[in-house]
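Student: I would like to go through the terms used for a protein structure and see what lies behind each of them.
Tutor: Then ask about them one at a time.

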Amino acid sequence: MTPLPYRVEARRWETPDTATLALSPIDAAAPPFRPGQFHMLYAFGIGEVPISVSGDADEAGPVLHTIRSVGAVTRALCALEEGDTVGLRGPFGAGWDEDEAEGLDVVVVAGGLGLAPLRPAVLRLLRNRDRYNDVSVLVGAREPEGLLFAEELASWHDRLHVDVTVDHASPTWRGKVGVVTELIDGAPFDPSRAVALVCGPEIMMRFAVRALTERGVPPGSVRISMERNMKCAIGHCGHCQLGPEFVCKDGPVFTYERLAGWMEVAEA
């Protein structure tokens, strides 16, 4: 439970309010993570927050976290510079288990910052591309300036079906305009033999799951990542409890079948 000290090796701004930190252990290193898991990052003197890992789980080197500056702790983390120190605990929680989709179609649906915890799964799909059938990555953002990993998305087009949309276009935007759930009908996958990975705002995930299941994807084949108020990361404090589930310990990745009904409960 004691945070390990990690050094900031680099900070890269992805959007005007979202930065990716590359962190390396100063002494002991945390255990390897699985795509979909999260770390608790501690800004010394300010507080601790759960942040999903956004880097490559199969590549040695600094561990990456993509953080939106929205509160006191995340503002402090985004303000860190090369050489600064941060505390890290974890990894925690359940991952995407994308290996179970081998031999099937895979549909990745990301809304806004939800692309960050999905990125490790996409990188693993790319690394083992021959093990999967059709792979679609559907991404939505509020506006073009808020699109994460834009250059990387463009590079994925060669090996994956990538479709991107924004809610509100800028004068220079030449892509699609609309919500990300509208991309599901046009994605090339067989719903009877598909696994879907979904992450984004809860309202977006509700509509994404509805679109996927209406197309024929079984609820047990749809995986969603829930990010609620996780404080202890071990299911002890109860802050993240959702019905009988503790998001930090039992999730953050669940099958929709497991959470159907509880997703309608508003966060206090």
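Student: Why does phenylalanine 44 count as partly exposed?
Tutor: Buried means under 20% relative accessible area, exposed means over 50%, and partly exposed is in between, with a 1.4 Å probe and protein chains only. Phenylalanine 44 has 46% relative accessibility, so it counts as partly exposed. Tyrosine 42, at 27% relative accessibility, also counts as partly exposed.

Student: What kind of model is this, and how are residues numbered?
Tutor: This is a predicted model, in which local features need pLDDT of at least 70 and side-chain atom pairs count only at pLDDT 80 or more, while totals for chains, interfaces and linings use all residues. Residues are numbered from 1 along each chain as its sequence is written, and side-chain values use heavy atoms, with hydrogens and water left out.

Student: How many aromatic pairs does the structure hold?
Tutor: The structure holds 2 aromatic pairs. Rings of Phe, Tyr and Trp (its six-membered ring) pair if their centres lie within 6.5 Å; planes under 30 degrees apart count as stacked, over 60 as edge-to-face and the rest as tilted.

Student: Why is the pair of phenylalanine 38 and phenylalanine 92 called tilted?
Tutor: The ring centres of phenylalanine 38 and phenylalanine 92 are 5.8 Å apart and the planes are at 40°, so the pair is tilted.

Student: What makes this pair tie together parts that are 54 residues apart in sequence?
Tutor: Phenylalanine 38 belongs to strand β3 (residues 38-43) and phenylalanine 92 to strand β6 (residues 85-92), so the pair links parts 54 residues apart in sequence. Helices (H or I, at least four residues) and strands (E, at least two) are DSSP runs, numbered from the N terminus. Phenylalanine 38 and phenylalanine 92 are both buried.

Student: Why is the pair of tyrosine 42 and phenylalanine 44 called edge-to-face?
Tutor: The planes of tyrosine 42 and phenylalanine 44 are at 80° and the ring centres 5.1 Å apart, so the pair is edge-to-face.

Student: What sits over the ring of phenylalanine 189?
Tutor: The charged end of arginine 215 does, 3.8 Å from the ring centre. A charge sits over a ring if NZ of Lys or CZ of Arg is within 6 Å of the ring centre and within 35 degrees of the ring normal. The charged end of arginine 119 likewise sits over the ring of phenylalanine 149, at 5.3 Å from its centre.

Student: Which strands form the open sheet with antiparallel pairing?
Tutor: There are 6 strands, in the order β4-β3-β6-β1-β2-β5. Two strands pair if DSSP finds at least two bridges between them. Strand β2 (residues 18-25) and β5 have 6 bridges in the antiparallel sense, and threonine 18 stands opposite arginine 68 in β5. Strand β1 (residues 4-15) pairs with β6 in the antiparallel sense over 4 bridges.

Student: What makes β4 and β5 edge strands?
Tutor: Each of β4 and β5 pairs on one side only.

Student: What is the order of the open sheet with mixed pairing?
Tutor: Its 7 strands follow the order β10-β9-β8-β7-β11-β12-β15. The edge strands here are β10 (176-177) and β15 (253-255), each pairing on one side only. Strand β7 (residues 105-111) pairs with strand β8 (residues 135-141) in the parallel sense over 6 bridges. β7 and β11 are also parallel, over 6 bridges, with cysteine 199 in β11 as the bridge partner of alanine 110.

Student: How do you know that both faces of β11 are covered?
Tutor: In a regular strand the side chains alternate between the two faces of the sheet. Ala194, Ala196 and Val198 on one side of β11 are buried, as are Val195, Leu197 and Cys199 on the other.

Student: How do you know that the span of α2 agrees with its 13 residues?
Tutor: The expected span of a helix is 1.5 Å times one less than its number of residues. For the 13 residues of α2 that should be 18 Å, and the end C-alpha atoms are 18 Å apart, which agrees.

Student: Why is α2 called mostly covered?
Tutor: In α2, 12 of its 13 residues are buried. The elements covering these buried residues include β4 (47-52), β5, β7, β8, α3 (150-156) and β11.

How values were computed
Contact means heavy atoms within 4.5 Å.
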